[in-house]
Amino acid sequence: MKLLCVAIAMSLAACAPAESGSGPEPAGDTFLAVDSSFTGFRTWESFPLPAGSSLTIHTSGARTEYLNRAPAPGRTAFPVGTIIVKESDDGPIDARQVFARVKRGGGYNAAGAAGWEWFELKNVDEERVTRVWRGVGPPVGEKYGGDPNGGCNGCHGAAKDNDFVLSPQLQLEMF
Ligand code: HEC
């Protein structure tokens, strides 16, 4: 990193950890993810879910969730900068379903899963993704969950006590 910074020989910003969202916790109270924030997400801590293990719109097949940074023990919410990616396990990499949620903070999505921004991503290759959409929910008409107005906040609203995160493996009390 030092060498890289010297080589770049520019501002301190050039020395910030590159790209991937698995670096240190961001300092501010808002985190705005970009495509490269998800780079290399398969190297993050992973939580496999076997096929058919719960009701989800994402896929009934085997799927894996990836967490960029575990919350500190005793937290009642995931910190700003938390990224959770959920990917279906089978099929060619560019055909997999990839959803994500990012703790953006700053009052975002206050009427839904407060603080969280939702994403659908598409794998470019083993390392990189590109964004299909981002926001407080999917674009109108996507019909996720069988409801024409169905969004992400609906089902996930049931997990308010766990900061709107549903997975049994990502319960705050487990960290
Ligand atoms: C029909 C209910 C339902 C809807 C609608 C829904 N989810 Fe989920 N989601 C789940 C369940 C259940 C889990 C727990 C893990 C599992 O069983 O796959 C989950 C888990 C996740 C996770 C992993 C972190 C977590 O919360 O456990 C992400 C990321 C995610 N969903 C994204 C989305 C996005 C993006 C949308 C909107 C496009 C969405 N979800 C809409 C049911 C839903």
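Predicted model: local features only at pLDDT ≥ 70, side-chain atom pairs only at ≥ 80, totals over all residues.

Reader: How many aromatic pairs does the structure hold?

Author: Rings of Phe, Tyr and Trp (its six-membered ring) pair if their centres lie within 6.5 Å; planes under 30 degrees apart are stacked, over 60 edge-to-face, and the rest tilted. The structure holds 4 such pairs. In one of them, the ring centres of Phe-41 and Tyr-66 are 5.2 Å apart and the planes lie at 70°, so this pair is edge-to-face.

Reader: Which parts of the chain does the pair of Phe-41 and Tyr-66 tie together?

Author: Helices (H or I, at least four residues) and strands (E, at least two) are DSSP runs, numbered from the N terminus. Phe-41 lies in the loop between α1 (2-8) and β1 (45-49), and Tyr-66 in strand β2 (residues 63-67), so the pair ties together parts 25 residues apart in sequence.

Reader: Is Phe-41 buried or exposed?

Author: Buried means under 20% relative accessible area, exposed over 50%, and partly exposed in between (1.4 Å probe, protein chains only). Phe-41, at 1%, counts as buried, and Tyr-66 is buried at 9%. Phe-78 and Trp-116 form another edge-to-face pair, 5.9 Å centre to centre with 65° between the planes. Phe-78 is buried at 2%, and Trp-116 at 0%. Phe-78, Trp-116 and Phe-175 form one aromatic cluster.

Reader: Which residue lies over the face of Trp-116?

Author: A charge sits over a ring if NZ of Lys or CZ of Arg is within 6 Å of the ring centre and within 35 degrees of the ring normal. Arg-101 lies over the face of Trp-116, at 4.1 Å from the ring centre.

Reader: How many residues of strand β4 are buried?

Author: In strand β4 (residues 98-103), 6 of the 6 residues are buried, so the strand is largely enclosed by the rest of the structure. Val-98, Ala-100 and Val-102 point one way, whereas Phe-99, Arg-101 and Lys-103 point the other way.

Reader: How many bridges join β4 to β5?

Author: Two strands pair if DSSP finds at least two bridges between them. Here 6 bridges join β4 to β5, which run antiparallel; the bridge partner of Arg-101 in β5 is Trp-118. β3 and β4 also pair in the antiparallel sense, over 5 bridges.

Key: Residues numbered from 1 in each chain as written. Heavy atoms only, no water.
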